[in-house]
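This briefing describes how two protein chains meet and how selected residues are arranged within them. Please keep the structure in view while reading the points below.

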Amino acid sequence: MTAIVRSNPRGHWALWALIVVIGTISLGVVALSRGEGINAAWLVVAAVCVYLIAYRFYALFIAEKVLQLDPARLTPAQRHNDGLDYVPTNKYVLFGHHFAAIAGAGPLVGPVLAAQMGYLPGTLWILAGVVFAGAVQDMIVLFMSTRRDGRSLGDMIRSEMGPVAGGIALVGVLLIMIILLAVLALVVVKALAGSPWGTFAVVSTIPIAMLMGVYCRFIRPGKIGEMSAIGFVLLMSALVYGRTVSETPELAVLFNWKGETLALAIIGYGFVASVLPVWLLLAPRDYLSTFLKIGTICLLAIGIMIVQPDLKMPAITKFIDGTGPVWSGSLFPFLFITIACGAVSGFHSLIASGTTPKMIENENQIRLIGYGGMLMESFVAIMALIAATVIEPGVYFAMNSPAGLIGTTVGQASQVISGWGFAVTPEMLAQMAKDVGESTVLSRAGGAPTLAVGMAHILSGMFGGQALMGVWYHFAILFEALFILTTVDAGTRVARFMIQDMIGSVIPAFKNTESWTNNLVGSALSVMCWGYFLYQGVIDPLGGINTLWPLFGISNQMLAGIALTLCTVVLFKMKRQAYAWVTLVPTSWLLACTLTAGMQKLVHPSPRIGFIAHAQVFGDALAQGKILAPAKTIEEMSRIVFNDYVDAALSAAFIAVVLAMVFYGVVSIWKALGTSRVTTVEVGAPVGSGVAHA
Amino acid sequence: MPDTLGITGWAVRAARLMVGVPDYDTYVAHRRVTHPDEAVMTYEEFFRERQDARYSFGKGGRFRCC
């Protein structure tokens, strides 16, 4: 198509004018319609037009003017080509690799939670966030790493902003890792508690993965395709058989686990998976979850196009004032914290400075892979938002509100929720549970079950109707649980290596990752860190997600703030400060969001938002010997108070990390302005400047 | 080079790289050109090497997103 466009400039501009017109109309419909639900297709078209325009114009501007990508410059893949880590790779193949690495559970959960404010605030933030912040960050970090032999974010911060800044950033990364693992594991616990069908299917993935691991290691070494096909068939059998398990009382009781049991099981599992050799459990499960993830995303996209469901959630709900049941806090800053991945995700800066820059064939592909990859992830977030808003708002709130607010029976729940203005009957809630093959859908917070209901709604509209609703629901749960648990495995290992590295700088013997003692101690420490927050979340009266998701959002956006600060520093050091607004604007916005949210979580006077205020309410009651619900004993009371202070300390740590990075950023920019030379530390000059081909 | 690969060929290559296994033939071709006198890993060795690298820290190891 580009060839046609290039040979016919008038047609080119007519095409773009048309895209702008269609985009404006769709966005207008999405933004302005009130009352009657709109068709999801409007949202899809609006998003796609925004992405196309942003990619064609803004990303091109960044590529040509801001970064001045140089197609003649050798990339790390060319300079260090070893056929293994550094391989010049076709841009579409690499796009797939990069997208598979950045897409995870984040863009699926955040938008679902944000739907409590209606579909409009989330949509606008996802679109504006990705165009001006998320995709910009991914692209510029990828650019920086490509010009530095594929070095990591931490290394780049160290070399551009100094060793202290690098060290602080690493601590920040470890903190976000711990919170990420805890919150994702909590999503799984919330989805599987009291669900024999789902639990059976997810537990089955362990023997299935081990079988695949043995197959691919010994029986047919390296046959990824065969192994994945076998795994997929077994997985689908487990999914279908799960219904029988849930309908057979003797079997169901074996897989009907409470939240606490599930949490301990996942913690134990994380430890074992981190200690075992990767080929046995982690790798095969990773393969299966990667393919399933990509397949399901495509399936959902096709489903939305074909079924074109109506959005039932209002454009804006009254909960923008901060009184929402799903998470507490007002639109600013908490909406921008709740939706991190899909709009802007700091985590991507670790991936854009990981394996991807080592495989780029040519600098001029950085726009497609960095900016384009993030647009794709944003589209996943839009689909998740659609899935959450096509279900009845009353059902949505029943699924996502904590039991402390809506009670534990369909009667109580429908009464409370109808009182909020979202009509729902006990029969509707009971029917929904029956349709999806669960005993109840109440208070299944965490995003995954809601998304599963939404996906089941869309996919069963395409195949199978009501009869297959239960299978689709559990398919969606399985798909999310599978790749979340893969993240938990891999993340536990990464956190273990980071902990070993940090402790190893004091006790050098601990650095050796081959040692079994180190392996066991490191894995135990790593699991305990996130396990603590997971367990705390499971027993949290407000459902845990309420507490942990904002902490995760703050930490993820904090990391994005750090990455964008680095981007800004590098632009100044490259003497491109005329264009520094490209990163300064999103940096400032993220700093404003994370700092405000962090401060509010710390000192907000309302105990629903501020950790210290909450600790004080419980602490005062404790001092008078009173017990406040949901605590049942004095010990539980003291534990709640203690946990509040831990969370408060964590918020304070995030704020401190952000402020420290801003300080070092300002110092670096000041120094850069004081000299007339370019002061970046790049490697690999353009062709012909005397740099040898490695 | 390989427009001879066809859509399926490219899709398979992309799927394999998604799980961290780059193209083996490219590796072999590269080794033949750059180190013709050294031994080339068999596919099985290559697969194991890549699998270990994907989950180790520092070398090819990587973070994973939310």
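In this predicted model, 34 residues of chain B are in contact with 57 residues of chain A, where contact means heavy atoms within 4.5 Å. The two chains bury about 3800 Å² between them, 67% of it on carbon and sulfur atoms; buried area is the accessible area, taken with a 1.4 Å probe, that two parts lose on being put together, summed over both.

Because the model is predicted, local features need pLDDT of at least 70 and side-chain atom pairs count only at pLDDT 80 or more, while totals for chains, interfaces and linings use all residues. Residues are numbered from 1 along each chain as its sequence is written, chains are lettered from A and ligands numbered from 1 in the order in which they are written, and side-chain values use heavy atoms, with hydrogens and water left out.

**The interface**

- Two salt bridges are found across the interface of chain B and chain A, a salt bridge being a side-chain nitrogen of Lys or Arg within 4 Å of a carboxyl oxygen of Asp or Glu.
- Arg50(B) forms a salt bridge with Asp85(A), and the closest N and O atoms are 2.9 Å apart.
- On the side of chain B that touches chain A, α1, α2 (24-34) and α3 (43-54) of chain B each supply at least two residues. The most comes from α3(B), with 10 residues.

**Chain B**

- Chain B has three helices and zero strands; helices (H or I, at least four residues) and strands (E, at least two) are DSSP runs, numbered from the N terminus.
- Of the 66 residues in chain B, 45% are buried, that is, under 20% relative accessible area, with over 50% counting as exposed and values in between as partly exposed (1.4 Å probe, protein chains only).
- Arg13(B) lies in helix α1 (residues 6-18) of chain B and is buried, with a relative accessible area of 18%. Its side chain makes a polar contact with the side chain of Asp23(B) (3.0 Å).

**Aromatic rings**

- The whole structure contains 33 aromatic pairs over all chains. Rings of Phe, Tyr and Trp (its six-membered ring) pair if their centres lie within 6.5 Å; planes under 30 degrees apart count as stacked, over 60 as edge-to-face and the rest as tilted.
- The rings of Trp125(A) and Phe336(A) are an edge-to-face pair because their centres are 5.0 Å apart and their planes are at 85 degrees.
- Trp125(A) lies in helix α7 (residues 119-146) of chain A and Phe336(A) in helix α15 (residues 331-338) of chain A, so the pair ties together parts that are 211 residues apart in sequence. Both Trp125(A) and Phe336(A) are buried.
- Tyr58(A), Phe61(A), Phe132(A), Tyr579(A) and Trp581(A) are linked into a cluster by ring pairs.

**Backbone details in chain A**

- The peptide bond from Phe332(A) to Pro333(A) is cis, with omega near 0 degrees, and Pro333(A) lies in helix α15 of chain A.
- Asp149(A), in the loop between α7 and α8 (153-161) of chain A, has a phi near 60 degrees, a positive value in a residue other than glycine.

Terms used:
A polar contact is a pair of N or O atoms within 3.5 Å; within protein, one must be able to donate a hydrogen and the other to accept it, and residues adjacent in sequence count only if both atoms are side-chain atoms.
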